[in-house]
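Have the sequence and the 3D view open as you read.

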Amino acid sequence: MEETSVHEIDFTLINEFFTELERQGPGSAQESIRALGFINHLTSNAKIADLGCGTGYQTFVLAQNTEASITALDLSTSSIDKLNKKAVHLGLQNRVKGIVGSMDSLPFQKEEFDLIWSEGAIANIGFEKGLNYWKDFLKKDAYIAITYESWFTQERPMEIEKWWKDAVPEINTIGHNVSIMQKTGYIPVATFILPETCWTDHYFVPQKARQVEFLKKHAGNKTAEDMIAFLRREEDLYAKYKQYYGYVFYIGKKL
Ligand code: SAH
């Protein structure tokens with residue numbers, strides 16, 4: 001049987017599945033705070049853009065650990081609605097604003113931001129393309145902090161190589177990605193690998209109950225069934241091959 005490619009998964013369905021979860025990609029509050037530790041303290045005049053924010057798990061970590069104003073952007077209207085409701089609920093609506101938009105066509109001013117943040121989203125427009133394009137929206141000496149799928153080793157078993165080449169054709173090693181940061185106009189400040197619990201406890205485990213509920217709701221819908229099969233395969237492959245890849249935080253400073 002031919003495996004479903006990530007590119008064949010219906011955006012509406014994936015969106016419906018994930019917006020009910022606390023986060024939409026691997027990560028954790030602890031690791032976001034660790035990344036923030038490499039960045040100058042952001043005062044109340046500072047501005048952050050959180051790109052591909054989803055429902056805003058990390059947006060609120062940033063809000064609670066800086067004094068900055070944050071604009072969070074995502075293509076998904078339902079995610080942005082959730083984010084803005086949560087901002088009101090937490091009394092943060094004056095500092096946190098979600099907007100619908102695309103990461104490759106930003107509605108911002110040149111040199112507007114002190115920090116651009118993006119967890120698990122840049123692959124949608126490309127690592128090098130994103131770094132290049134986003135740079136214009138950063139002030140001089142401002143920071144970028146991104147998580148991105150990366151190879152840990154020079155060689156990988158064919159099965160996992162094939163999976164990732166399909167999902168993220170540009171996937172590469174940490175060393176290569178650091179050189180891309182350098183080439184696109186940033187000083188590489190730090191990189192670190194997200195611990196396994198960012199995938200297991202914070203990404204795969206919360207999906208389990210949601211998968212069952214989702215299959216029940218969409219019983220007989222082949223596209224929905226294929227999507228859940230894809231997500232389960234992603235988890236199985238992670239368990240099997242996690243020594244070869246993971247998410248890496250890349251922190252850079254604009255030259
Ligand atoms: N940062 C969140 C969400 C990561 S999932 C977290 O770590 O939990 C990736 C997000 O990117 C999804 O919410 C998806 O809707 C969004 N996305 C995909 N393509 C996009 C684009 N071109 N512009 C903006 N957002 C996009």
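A salt bridge here means a side-chain nitrogen of Lys or Arg within 4 Å of a carboxyl oxygen of Asp or Glu. Keep in mind that the model is predicted. By that cut-off, the structure holds 17 salt bridges. Side chains of opposite charge can pair when their charged atoms come close.

| Salt bridge | N to O distance |
|---|---|
| Glu-31 and Arg-34 | 2.7 Å |
| Lys-165 and Glu-161 | 3.1 Å |
| Arg-233 and Glu-159 | 3.3 Å |

Start with Glu-31 and Arg-34. Both sit in helix H2 (residues 29-36), and because they are three residues apart, about one helical turn separates them.

Next up is helix H6. Lys-165 and Glu-161 are four residues apart there, so about one helical turn lies between them. Lys-165 is partly exposed, with a relative accessible area of 38%. Shared partners tie Arg-156, Glu-161 and Lys-165 into one network of salt bridges.

Then there's the pair formed by Arg-233 and Glu-159. It links distant parts of the chain: Arg-233 belongs to helix H10 (residues 222-241) and Glu-159 to helix H6 (residues 158-167), 74 residues apart. Arg-233 is partly exposed at 24% relative accessible area, and Glu-159 is partly exposed too, at 30%.

Key
Residues numbered from 1 in each chain as written. Predicted model: local features only at pLDDT ≥ 70, side-chain atom pairs only at ≥ 80, totals over all residues. Heavy atoms only, no water. Helix = DSSP H or I, 4+ residues; strand = E, 2+ residues; numbered from the N terminus. Buried < 20%, exposed > 50% of the residue type's maximum accessible area, 1.4 Å probe, protein only.
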